[in-house]
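This report is written for a reader who is meeting the structure for the first time. Please look through the sequence and the model below before reading on.

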Amino acid sequence: MRTWIVLLLWACAHISVNAIALSRGPVRRKSKEIEGRQDKGLLRRSKRGWMWKQFFLQEEYTGSEHQYIGKLHSDMDRGDGTVMYVLTGEGAGTIFVIDANSGDLHATRSLDREEKPSYSLRAQAVNRKTGIPLEPETEFIVKLHDINDNEPKFDKEVYTASVPEGSHIGTFVTQVTAQDADDEMFGYSAKLAYSIKEGHPYFSVEPNTGIIRTALGPTDMDREQREHYQVVIEAKDMAGQKGGLIGSTTVNISLSDINDNAPHFKQGIYQFSVPELTKVGSSVGRIEAEDADIGRNAEMSYSITGGDSLDVFDISTDRNTQEGILTVKKHLDYEKKKSYTLQIEVKNTHPYSHYMSQDTKDKATIRISVEDVDEPPQFEKISYILEVKEDAAVGTMIGSVSAVDPDMRRSPVKYSIDRHTDVDRIFGIYAGNGSIFLQKPLDREEFAWHNISVIASEFRHLDNPEQTSRVPVYIRVLDVNDNPPVLASFYETFVCENAKAGQKIQTISAVDPDEPVGGHRFLFSLAPESSVRANFSVRDNGDNTAGIFTRRSGFGRMHKSTHLVAVVISDGHFPMQSSTGTLTIRVCTCDRDGNMEMCNAEALTSSAGLSTGALVAILLCILILLLIVVLFAALKRQKKKEPLIISKEDVRDNVVSYNDEGGGEEDTQAFDIGALRHPEVMEDSKLRRDILPSESLYPPPPLRRTIVPARENADVRDFINQRVEENDGNPTAPPYDSLATYAYEGNGSVAESLSSLGSVSSEGEQDYNYLSEWGPRFRKLADMYGGEDSDWDS
């Protein structure tokens with residue numbers, strides 16, 4: 001028993017010690033070490049000497065000093081100043097600071113819970129000298145206590161809603177919602193209550209939900225009396241208690257229209273006047289009815305419910321203005337009826353079923369006066385059809401038209417034909433009575449119908465085109481048997497030489513431009529001139545066709561190649577008309593089956609499809625081509641030969657052309673040796689005009705020339721030698737003794753280059769004494785370059 005008592009006392013003492021340790025600080029806890037021995041080693045478990053969980057701090061602090069949060073303390077702190085407290089985490093050093101010696105924690109500024117409700121921090125005790133942590137780092141949270149510092153705010157600044165007019169009390173309109181940023185879990189700072197500040201007594205709001213409802217009955221909510229309402233709703237926190245913060249919003253509520261009003265006319269009687277010539281479909285006037293409703297509920301329809309001549313007028317609704325449009329449905333005639341009275345009715349197109357028991361229609365009376373108008377004459381018919389035979393004589397009466405003045409004055413009418421419809425003036429009309437007569441002969445085969453227009457006008461309004469009327473007149477030309485029938489086409493057939501008697505060789509038909517009532521009936525017969533010793537016969541088939549048959553056998557192509565058969569065609573109508581047509585029948589050679597093999601030339605040409613004109617054209621083309629070929633051949637034969645020496649290269653006048661580089665002494669193409677074969681061309685000696693003769697001021701006596709007989713086959717060498725001797729003996733002879741062009745430097749010349757460029761570039765002195773050995777022709781050059789005192793040496 002004692003043992004149990006001792007154990008109980010020990011447990012109580014242990015609990016008391018722990019309680020005392022906990023009461024020493026809000027975040028302090030003692031530590032102890034537990035040592036135990038296990039196997040060969042020691043196993044230790046140590047507890048922290050101090051630990052913090054969370055601190056609480058009130059928001060919106062307004063004091064001048066830093067706000068105290070709490071004190072941090074470790075069991076390792078002996079009070080000797082060796083322990084230093086370090087703070088890290090959110091806002092450490094800026095928002096939150098700690099006293100490194102005492103561990104006191106402060107907030108440096110006022111905090112807003114709505115901005116950030118809590119902060120996470122970490123604290124640690126370290127050795128001040130070495131900075132070595134004495135205990136592990138511990139994390140704690142600083143929470144902000146909420147105060148009521150935020151007023152409620154609505155989701156919208158202005159709400160818009162609508163509710164049908166005539167709604168019952170409590171009809172839902174809309175719902176408003178407000179939010180409070182304060183902590184709804186802490187007190188009543190975020191608990192809201194709704195109330196209506198403006199909008200009584202029409203609407204109400206539920207305090208807890210913010211639902212707005214109607215507060216008056218159907219008769220008090222009339223859109224036609226008041227359509228728009230502005231309601232102000234307030235939201236107050238602290239559950240609406242005194243001291244709570246308030247937020248407000250505006251709700252614009254409109255009453256939507258219902259069809260609770262019937263349309264009605266502005267006046268009971270409407271009067272209109274309309275001219276009698278008003279066109280069908282034209283508007284007479286507009287009737288306006290009023291409806292207090294709007295939109296679809298104000299749409300209305302008009303109708304004619306009574307009166308006289310209900311089919312003369314019609315009424316419809318203008319969907320844009322909701323007016324009734326009265327229109328003319330039939331032509332009006334002042335002379336027949338001068339006024340009309342109509343009963344009309346208006347009603348809503350979409351009536352509201354709740355108000356169907358009420359009178360939703362309205363009625364009115366319309367009086368319409370028809371105004372008299374001076375009308376143009378009116379024809380008795382809208383068109384006329386007349387008939388006349390094509391052989392009618394000029395002046396024959398065809399028919400007549402009639403028009404009267406519909407006015408009460410009954411003015412006389414004048415008739416005329418619109419000449420735009422009768423350009424050839426075939427018809428005429430009597431102006432007084434409208435009788436139409438024939439002015440020119442008719443031909444049904446040319447025009448079977450004539451369409452003219454007759455104009456009627458009053459004598460007192462002849463110059464007013466608006467007072468005229470027109471009517472179409474269709475004149476049909478009746479047929480008269482005045483045309484004989486003719487062959488339907490040009491028939492050209494053949495008969496075989498071996499044809500037998502009674503053989504059918506062709507079927508013919510006829511045409512007639514006339515159109516008899518019973519149809520055509522043609523009769524075919526052989527003409528009298530073809531009946532004498534006839535080789536062919538005509539057999540009428542009774543169906544407006546006839547067959548051509550042979551009357552004998554054995555036709556000879558060489559004896560007679562072509563037969564002409566005259567056929568008489570007549571019609572069976574009165575007066576009978578007839579004509580004679582001729583068939584051309586050619587005799588051809590045929591095979592046993594009757595197929596044509598050969599006819600005369602004319603027949604072959606026709607069968608080949610080539611006419612005489614085509615053959616002539618072909619022959620003409622061939623002849624032209626032959627003439628062109630002959631012409632070219634003649635021109636080629638008469639081609640003129642080129643001269644031996646042309647232009648300035650003619651040796652008879654100018655041997656050397658200095659403005660062209662020749663080919664030198666080896667250039668055999670520089671001259672035409674053919675000129676050397678005609679020594680007669682150089683017989684006359686001419687003085688040189690470009691220099692003065694050096695021997696005498698007077699021309700030397702003419703030299704005797706040895707006349708060499710002209711021989712066709714004279715040796716060229718002899719001729720050249722003779723010329724050289726003549727020029728050597730003549731001091732005034734021009735130095736043009738060679739046909740070579742010295743302006744051109746050839747290759748291989750013994751004189752080498754005469755170019756000044758080549759001479760200058762040569763080295764050493766040149767010996768020109770050989771120039772004196774070349775004869776009188778080079779005397780000038782020998783004097784210039786041959787001496788020792790020449791310009792070259794200088």
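Strand S12 and strand S16 (residues 211-214) run antiparallel and are joined by three bridges, where two strands are said to pair if DSSP finds at least two bridges between them, and where helices (H or I, at least four residues) and strands (E, at least two) are DSSP runs numbered from the N terminus. Within this pairing, phenylalanine 172 has arginine 213 in S16 as its bridge partner.

This is a predicted model, in which local features need pLDDT of at least 70 and side-chain atom pairs count only at pLDDT 80 or more, while totals for chains, interfaces and linings use all residues. Residues are numbered from 1 along each chain as its sequence is written, and side-chain values use heavy atoms, with hydrogens and water left out.

The two strands belong to an open sheet of three strands, with the order S12-S16-S15 and antiparallel pairing. Its edge strands, each pairing on one side only, are S12 (172-175) and S15 (203-205). On average, neighbouring strands of this sheet are turned by 25° against each other, direction ignored; axes here are lines fitted to C-alpha atoms, for helices over the stretch in contact, and angles run from 0 to 180 degrees between N-to-C directions.

S31 pairs with strand S34 (residues 449-458) in the antiparallel sense, over five bridges. In this pairing tyrosine 415 stands opposite alanine 456 in S34.

Not counting residues up to four places away in sequence, aspartate 422 touches Ile417, Phe427 and Ile452, contact meaning heavy atoms within 4.5 Å.

## Disulfides

A search of the whole structure finds two disulfides, a disulfide being a pair of cysteine sulfur atoms within 2.5 Å. One joins cysteine 496 to cysteine 590, with 2.0 Å from S to S, and it links distant parts of the chain, since cysteine 496 is in strand S37 (residues 492-496) and cysteine 590 is in strand S43 (residues 578-590), 94 residues apart. The torsion about this S-S bond is about -85°, so the disulfide is left-handed; both cysteine 496 and cysteine 590 are buried.

The other is formed by cysteine 588 and cysteine 599, whose sulfur atoms are 1.5 Å apart. Cysteine 588 lies in strand S43 and cysteine 599 in the loop between strand S44 (596-598) and helix H3 (601-608), so this pair ties together parts that are eleven residues apart in sequence. The link of cysteine 588 and cysteine 599 is right-handed, with 110° about the S-S bond, and both of these cysteines are buried.

Definitions and conventions. Buried < 20%, exposed > 50% of the residue type's maximum accessible area, 1.4 Å probe, protein only.
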